[in-house]
Amino acid sequence: MLCLIIINSEKLEKSGKRSVALHWLAESVYQLQNYTTALHYFKKMLKEENTTYIHHAASRIIEIGFKSNKMKTVAKFFKKYEAKVRNKVPDQVRYERGRTLFLSESDSEALTHLEMIPESSPFYSRAAYITGAVHIRAEKYDEATRVFEAI
């Protein structure tokens, strides 16, 4: 309760540090494994002007959504997140989104995100590996072999 009073205080708002405080509150609740509340606060970060921690929030929401089987919530958030960051989603977040979509057996959506990761990225090999796994699941073994050989 005290945290809510502090987060919503006018003094914190005027200081320009509300988004930082909101991030640390969300992360603390996440570390306590209270995923429902953490999800709530990470989603609130999307409304903040300061986007310093927005990519971290996106990573956490993807993770929480997968753990708690709230993939529709993640999908809605991700569309708003992409708009907020003007589609400049870091490769790590793209990879995390693609990976969880693959694990949820949403292969075509997974490929959409994984194929956006450039070869120059440190996440390229991981994304390519999952892309190969998508082809195996679709029984496209020649395609999978091509992907794995390229890695």
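Visitor: Among contacts in the chain with a separation of 6 or more, what share comes from residues 24 or more positions apart?
Guide: The model is a predicted one. Contact here means heavy atoms within 4.5 Å. Among the contacts with a separation of 6 or more, the share from residues 24 or more positions apart is 44%.

Visitor: How many helices and how many strands does the chain have?
Guide: Read from the N terminus, the elements run α-α-α-α-α-α-α-α-α-α. The count is accordingly given as 0 strands and 10 helices.

Visitor: Is H23 buried or exposed?
Guide: H23 sits in helix α3, which spans residues 18-31. The cut-off for a buried residue is under 20% relative accessible area. Because its relative accessibility is 3%, H23 counts as buried.

Visitor: Which residues is H23 in contact with, leaving aside neighbours within four places in sequence?
Guide: The criterion is again heavy atoms within 4.5 Å. With those sequence neighbours set aside, the contacts of H23 are F42, M45, Y53 and H56.

Visitor: Where does K70 lie, and which residues gather with K70 in a patch of positive charge?
Guide: K70 is in the loop between α5 (54-67) and α6 (71-84). Its relative accessible area is 30%, so K70 is partly exposed. The residues that gather with K70 in the surface patch of positive charge are K43, K47, K76 and K80.

Visitor: What percentage of the residues in the chain is buried?
Guide: The accessible surface of the chain comes to about 9300 Å², and carbon and sulfur atoms hold 52% of that surface. Of the 151 residues in the chain, the buried ones make up 41%.

Terms used. Residues are numbered from 1 along each chain as its sequence is written. This is a predicted model: local features need pLDDT of at least 70, side-chain atom pairs count only at pLDDT 80 or more; totals for chains, interfaces and linings use all residues. Side-chain values use heavy atoms; hydrogens and water are left out. Patches are made of residues with over 30% relative accessible area and no salt bridge: like charges are joined within 9 Å, nonpolar side chains (Val, Leu, Ile, Met, Phe, Trp, Tyr) within 5 Å. Accessible areas come from the Shrake-Rupley method with a 1.4 Å probe; for residues, only the protein chains shown count as cover. A salt bridge is a side-chain nitrogen of Lys or Arg within 4 Å of a carboxyl oxygen of Asp or Glu. Lys and Arg count as positive and Asp and Glu as negative; His and the chain ends are not counted. The place of a charge is taken as NZ of Lys, CZ of Arg, CG of Asp or CD of Glu. Helices (H or I, at least four residues) and strands (E, at least two) are DSSP runs, numbered from the N terminus. Buried means under 20% relative accessible area, exposed over 50%, partly exposed in between (1.4 Å probe, protein chains only).
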